[in-house]
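These are my notebook entries on one chain. I set down what I looked up, entry by entry.

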Amino acid sequence: MSRDDYGAISVISDDEKAALGIGGTKPPEDEKLFETIGKAADKIGETQVGKKIGTVITIILLALLSGGANMSIIHDYLNGDEDIGPVGGCLQVDATNYNPQATFDDGSCNFLVIIYGCTNPEATNYDDQATHDDGRCVVLNDGNGSANETAAIYGCMDVEANNYDDKATEDDGSCDYEDEYEEPECNSTSVHFYPGWYNEETDNMSVFWVDPDADGISVLTDIDTDCFDYTASVLVYVDVWHEESGEYNWSDIYLTVNGEDWDYHWFNFTFEELNNTEGTWSMWVALLVWDELDEQYIFQQQFDIPKIRVEVKDE
C-alpha cells in the first residue's frame, strides 16, 4: 500500500489504475497546450462538416490563447467548394433545356420540333402548326397587290350583253351590245383542274386519281384553260406530310397547259423521297397561273388528299 498526495492510503497500484482506466501516468511535461488542442480538433474532423467545425474551433482557441488571429480565414474556409451531391437534369447538348451542371440524366430533355408550312394567317394555305415558313404561302390578290378573301373575276355582268360572263364578280365595262355576236376572248388568268375521275368514297367526280400500286405516292390530274386555243403557264405547289411523324416534303412544278389536250400531269414522290417512311400520308396541291399584266403567279384552285396509305411493295 502507498499514501497519495492527500495523505490517504492507496490500496490500488498504478498499473491496476491504468488497467481500470482511472488515474494512470501523468502526461509528459513537454506536451504543449497547442498540440493538445490540435489533436482534439483532429478527432472532431472525421467528416467534411466535422473538419470545418474542428478548424473553426482551433482557430478560435488559438486566437483566445495567443492574443489574436486572422479571423477572415474562417469566412474563406466556410465559403469554399462543397460537395453538391447528385443533380438531375438534361445532359443532351442538342436539347432546349440542356443542363451542364447536371450529374445524371433524369429524362427531362426537350427537343424543338420543326414543322415547315405557311405561317401567314392571311394565306389560303395558312398552317397554324407550322414553326418555320417554307416560302410557299398562297395569298389571293385583286390585281392591285392587296389580299382579299375572294379573288375578283373581271368581266361583263350584263345578261343582255353579247359577252356576258356568268363567272364575273366585278364588271369591267367591257359589255358589247352589237347585233353580231362575237365569241368572247379567253380569260388569260383562268385555269382549273378537270374533274375527270369518279371517286367511290364521295360518289362524285374528282379532280385527281391516286395510283394504289405506286412505289410511294403518285397522283394524276388534268389541268385545262377556259378556251381551247389558249396556252397558259402554270405553277403547281405539291406538298406531302406524314400524319404520324410529321415528315415533310414538297415539289414546285412548272407546266404549259391548254384546254384542247387531255394532259396527264403526274405528281410523284418515290418511297425514297418519303424518307422510306410507311404509314398514312396526306397531300396538298395548289394551282397558280402566270398573269402577263401583273407579271406574277395568281392563285386559281387547290385540293387536299388525306390518308394516302404508303407501304413497301413486294418485289
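**Entry 1. Aromatic pairs**

I began with Trp290, which is partly exposed with a relative accessible area of 27%. For burial I use relative accessible area with a 1.4 Å probe and protein chains only: buried is under 20%, exposed is over 50%, and partly exposed lies in between. I note that the model is a predicted one, in which local features need pLDDT of at least 70, side-chain atom pairs count only at pLDDT 80 or more, and totals for chains, interfaces and linings use all residues. Residues are numbered from 1 along each chain as its sequence is written, and side-chain values use heavy atoms, with hydrogens and water left out.

I then looked up the aromatic pairs, taking rings of Phe, Tyr and Trp (its six-membered ring) as paired if their centres lie within 6.5 Å; planes under 30 degrees apart count as stacked, over 60 as edge-to-face and the rest as tilted. The count by this rule is seven aromatic pairs. Phe208 and Phe303 make a stacked pair, with 5.2 Å centre to centre and 15° between the planes. This pair links distant parts of the chain, 95 residues apart: Phe208 is in the loop between strand 11 (204–206) and strand 12, and Phe303 is in strand 19. Both Phe208 and Phe303 are buried. Trp290 and Tyr297 make an edge-to-face pair, at 5.0 Å centre to centre and 70° between the planes. Tyr297 is partly exposed, with a relative accessible area of 28%. I also recorded one aromatic cluster, formed by Tyr116, Tyr248 and Trp250.

**Entry 2. The chain as a whole**

I took helices (H or I, at least four residues) and strands (E, at least two) as DSSP runs, numbered from the N terminus. On that basis the chain has four helices and 19 strands. Of its 315 residues, 30% count as buried. The chain exposes about 21,400 Å², of which carbon and sulfur atoms supply 49%; the areas come from the Shrake-Rupley method with a 1.4 Å probe, and for residues only the protein chains shown count as cover. A contact means heavy atoms within 4.5 Å. Among contacts in the chain with a separation of 6 or more, 45% are between residues 24 or more positions apart.

I recorded an open sheet of four strands in the order 16-15-18-19, with antiparallel pairing; two strands pair if DSSP finds at least two bridges between them. Strand 16 (248–258) and strand 19 (296–310) are at the edges with a single partner strand each, so one side of each is left without a neighbour in the sheet. Within the sheet, strand 15 (residues 231–242) and strand 18 (residues 279–291) pair in the antiparallel sense over nine bridges. The bridge partner of Trp241 in strand 18 is Ser282.

Strand 13 (residues 216–221) pairs with strand 17 in the antiparallel sense over six bridges. Val219 has Phe267 as its bridge partner in strand 17, and Ser218 stands opposite Asn268 in strand 17.

In a regular strand the side chains alternate between the two faces of the sheet.

**Entry 3. Ile115**

I located Ile115 in the loop between strand 4 (104–105) and strand 5 (116–117). Ile115 is partly exposed, at a relative accessible area of 31%. Not counting residues up to four places away in sequence, Ile115 touches Asp127, Gln129, Ala130, Thr131 and His132. The C-alpha atoms of Ile115 and Thr131 are separated by 5.2 Å, although the two residues are 16 residues apart along the chain.

**Entry 4. Confidence**

The mean for the chain is 76, and 65% of its residues reach 70 or more. Among the elements, strand 1 (residues 2–3) has the lowest mean pLDDT (48), and strand 13 has the highest (94). Over residues 1–9 the pLDDT is below 50, and this stretch has nine contacts in the model beyond near neighbours in sequence. Where pLDDT is low, the predicted coordinates should not be read in detail.

Technical notes: pLDDT = per-residue confidence, 0-100.
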